[in-house]
Amino acid sequence: MDEEIDTRKINNSFLRDHNYATEADIISTVEFNSTGELLATGDKGGRVVVFQREQESKNQPHRRGEYNVYSTFQSHEPEFDYLKSLEIEEKINKIRWLPQQNAAYFLLSTNDKTVKLWKISERDKRPEGYNLKDEEGRIRDPTTITALRVPVLRPMDLMVEATPRRIFSNAHTYHINSISVNSDYETYMSTDDLRINLWNLEITNRSFNIVDIKPANMEELTEVITAAEFHPNQCNTFVYSSSKGSIRLCDMRTSALCDNHSKLFEEPEDPSNRSFFSEIISSISDVKFSHSGRYLMTRDYLTVKVWDINMESKPLETYQVHDYLRSKLCSLYENDCIFDKFECVWNGTDSVLMTGSYNNFFRMFDRNTKRDVTLEASRENSKPRAILKPRKVCVGGKRRKDEISVDSLDFSKKILHTAWHPNENIIAVAATNNLYIFQDKVN
Amino acid sequence: MINTMECAVDAQSLISISLRKIHNSRTQRGGIKLHKNLLVSYVLRNARQVYMNEKYAEIYRMQQYEEVMTVCNEIQELNPLDLVEDCEEQTGDCCGSANESASLCGALLPVSHQAPAVQHLQPSSACSVPLALQSEEVCKAPEPSFYRSCCAEAYPVSNCDFSPVNNMHCNKTTVLDLDTHVVTTVENGYLHQDCCASLQQCCQGAQSPAKKRKLDFGYYVSEIEEVPDFTPCKRAKFEDSSYASTEPLDTSNISNLISIFGSGFTGLVSRQADLEQALNGQFCSKQALASLGAWTRAIVAF
């Protein structure tokens with residue numbers, strides 16, 4: 001697929017010119033809404049930035065629907081749990097949009113402990129002509145009022161305001177890693193390391209625990225939940241992935257507590273590949289249903305796998321993301337990179353998969369043609385509106401001109417979060433504190 | 001079976017790296033990350049498995065060598081010339097296997113003799129010299145120095161340094177009869193009467209409290225208890241050679257870490273756990289400590 005770059009460097013830091021990123025600006029989640037009109041990002045500083053796609057205009061056809069900042073707000077603040085003497089990070093772990101039901105937009109954003117429902121609405125009219133206060137807002141002396149008038153709405157500059165409508169707190173002992181909105185648009189679930197809770201979007205003081213894998217004796221803990229998602233169409237079905245590399249599909253109709261799975265997707269481990277780090281690299285970092293609901297995609301440290309819901313014994317397809325790292329696991333363990341949690345996304349038609357890697361590389365796999373491509377999100381290597389050039393990592397032996405060797409990869413530049421527009425070939429790629437938006441080439 | 005070939009660092013370094021990670025996670029912002037610590041504990045467990053396997057392989061090799069040397073000693077009187085040749089062959093096997101995994105053999109040796117650890121066989125004259133020494137101390141457990149003595153220069157055998165080595169053989173029971181001062185070794189069910197109770201005393205210095213008892217099982221029990229403790233002794237010896245690159249961890253931090261690990265994951269999530277878990281943790285910490293076994297003591301040593 002040819003790509004045209006439309007680069008946005010969104011840096012909320014005051015020090016715009018420097019190369020280093022303040023940690024608060026590191027993007028921690030990226031999500032398109034259901035129409036693709038809005039794109040939300042969350043960062044480590046607890047802020048949410050929402051971009052809106054421009055209306056396509058006939059005057060400037062080459063600026064085909066670019067994304068501009070629409071709203072910025074502080075979603076979460078750092079908190080302190082006095083009981084446990086723990087600081088609660090304000091980092092936004094996940095953002096999920098609700099389907100649009102009126103003029104306002106709603107999204108759920110979560111940090112480690114608290115989920116918040118935000119309403120983002122526009123205001124472009126302002127009432128003028130108050131009786132009791134003047135234009136600047138000062139209270140008028142009632143004795144000076146001789147006549148009454150009805151305030152009228154006058155147009156004003158567009159203002160986008162975000163207000164927290166619901167705060168869902170105190171339901172999770174462990175760190176929340178996922179949220180997922182149900183297709184019934186009434187409920188959603190929040191997932192931490194050991195439990196999954198079901199909420200009604202309207203009710204904040206009660207949630208229902210639907211999965212609990214906490215052992216009676218914590219000494220016996222062997223796995224944690226790493227991600228969970230509702231089925232896109234069936235409101236009773238959801239899946240959750242574990243650190244042991246298995247995925248469980250559960251049906252909420254079977255029982256109130258879905259500890260027993262309906263299906264277990266697991267691939268037996270290859271004994272010849274066993275190493276010190278086998279458990280780490282088999283831990284699933286992300287699980288996503290396909291838009292059709294027929295397939296599941298999972299991401300572990302080195303691969304992306306596609307599973308058919310109807311086949312539990314092994315994945316349908318396995319794609320190697322960066323297998324050249326298999327011999328480097330030791331150093332990746334020492335520098336903590338082996339714990340990085342990469343996400344994965346489907347395109348709108350479920351034919352292409354995308355996931356991130358190191359050195360600001362991200363990979364796409366075409367399921368039909370079985371071709372894959374490695375692209376780079378960096379300003380140095382590409383100019384705006386230029387076509388992205390495929391990159392290649394050379395695994396030893398002679399290095400060709402454009403290739404990069406494994407040892408030259410920059411492991412501090414990792415792409416963990418990416419998003420794909422629900423209908424079009426527009427992708428958003430978060431590279432540390434920068435957001436890149438790429439579109440398909442227009443002929 | 002864990003494939004360690006692709007790993008640049010050995011099991012011991014991995015253990016220390018993992019412990020450092022767990023220790024650092026306690027002070028990280030946002031609280032202890034359960035998932036990450038769980039994964040680190042898996043690496044710790046794998047590294048420990050490999051470490052223990054290597055250790056037991058060493059012991060087995062040592063034991064084999066010891067049996068070979070015993071055979072050599074027994075036929076020594078028959079024909080000195082034959083003995084030298086036999087010994088060369090036997091030690092050739094032993095040293096040959098040492099060549100394959102030099103790090104393990106070398107690791108057992110005193111630091112000062114690391115350099116010539118893996119050498120070609122010396123000429124037969126060098127071989128005969130330490131063997132003469134051996135005839136006088138046949139009841140002594142062969143020390144690691146013997147392992148090399150045919151390969152390189154003669155090493156003056158010291159007495160008590162390697163006493164725990166003697167206790168590695170789980171199938172060997174040594175009994176000192178306090179009345180007759182006769183030392184008896186039961187090996188694989190066969191009885192050998194050894195000499196020199198005094199020498200035996202020296203060898204088994206670590207067991208002196210148990211000697212007071214006349215009963216056999218007193219020795220046996222203390223021997224078994226000694227088995228896990230060989231690790232710290234060994235560790236202290238080759239610490240210099242093996243881990244030049246590892247920074248020594250603070251002792252107080254290590255004991256804290258052990259208390260975390262002693263209570264399993266309850267220790268890790270003690271800040272996050274509900275009240276009832278705190279009780280569970282204390283209840284089970286002893287059990288967990290027992291299961292941790294030798295590697296915990298190994299950590300204490302360094």
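**Helix pair in chain B**

I began with how two helices pass each other: α1(B) passes α2(B) in a left-handed crossing. The contact draws on B:Ala11, B:Gln12, B:Leu14, B:Ile15, B:Ser18, B:Leu19, B:Lys21, B:Ile22 and B:Ser25 from α1(B), and on B:Asn37, B:Val40, B:Val43, B:Leu44, B:Ala47, B:Arg48, B:Val50 and B:Tyr51 from α2(B). For me a contact is heavy atoms within 4.5 Å. Sorted by class, the contact of α1(B) with α2(B) has 11 nonpolar, 4 polar and 2 charged residues. The classes: Ala, Val, Leu, Ile, Met, Phe, Trp, Tyr, Cys and Pro are nonpolar, Asp, Glu, Lys and Arg are charged, and the others, Gly among them, are polar.

Ground rules before I go on. This is a predicted model, where local features need pLDDT of at least 70 and side-chain atom pairs count only at pLDDT 80 or more, while totals for chains, interfaces and linings use all residues. Residues are numbered from 1 along each chain as its sequence is written, chains are lettered from A and ligands numbered from 1 in the order in which they are written, and side-chain values use heavy atoms, with hydrogens and water left out.

Back to the pair. Two packed helices are described by the angle between their axes and the distance between the axes. Helix α1 (residues 11–25) and helix α2 (residues 34–74) of chain B have axes that come within 9 Å and cross at roughly 155 degrees. The axes are lines fitted to C-alpha atoms, for helices over the stretch in contact, with angles from 0 to 180 degrees between N-to-C directions. I therefore put α1(B) and α2(B) down as roughly antiparallel to each other (over 145 degrees; under 35 is roughly parallel, 65 to 115 roughly perpendicular, the rest oblique).

**Chain totals**

I counted 14 helices and 3 strands in chain B, against 2 helices and 32 strands in chain A. These are DSSP runs numbered from the N terminus: H or I of at least four residues for helices, E of at least two for strands.

How much of each chain is buried? For chain B the figure is 49% of 302 residues, and for chain A 53% of 443 residues. Buried means under 20% relative accessible area, exposed over 50%, and partly exposed in between (1.4 Å probe, protein chains only).

The accessible surface of chain B is about 14700 Å², 56% of it from carbon and sulfur atoms. Chain A comes to about 20900 Å², with 48% from carbon and sulfur.

Next, contact range. In chain B, 67% of the contacts with a separation of 6 or more are between residues 24 or more positions apart. In chain A, 53% of contacts between residues at least 6 apart join residues at least 24 apart.

**Strand β10 of chain A**

I looked up two residues here. A:Trp118 is in β10 and is buried, with 6% relative accessible area. Leaving out residues up to four places away in sequence, A:Trp118 touches A:Phe73, A:Gln74, A:Ser75, A:Tyr105, A:Phe106, A:Leu107, A:Ser109, A:Ala162, A:Thr163 and A:Pro164.

A:Arg126 also lies in β10 (residues 115–128), and at 42% it counts as partly exposed. Which residue sits 5.3 Å from A:Arg126, C-alpha to C-alpha? I found A:Arg154, 28 residues away in sequence. Contacts of A:Arg126 beyond four places in sequence are A:Val152, A:Leu153, A:Arg154 and A:Met156.

A:Asp43 is in strand β3 (residues 38–43) and is buried at 5% relative accessibility. A:Glu403 is in the loop between β28 (393–394) and β29 (404–405), and at 10% A:Glu403 is buried too. Beyond its neighbours within four places, A:Glu403 contacts A:Lys392, A:Cys394 and A:Lys398.

**Positive phi**

Most residues other than glycine have a negative phi. A:Asn170 has a positive phi of about 60 degrees; A:Asn170 is in the loop between β11 (152–168) and β12 (176–181) and is exposed at 77%. A:Tyr185 has a phi near 60 degrees, also positive. I placed A:Tyr185 in the loop between β12 and β13 (187–192), partly exposed at 46%.

Definitions and conventions
Accessible areas come from the Shrake-Rupley method with a 1.4 Å probe; for residues, only the protein chains shown count as cover. A crossing is left-handed if the near helix is turned anticlockwise from the far one by less than a right angle, and right-handed if clockwise.
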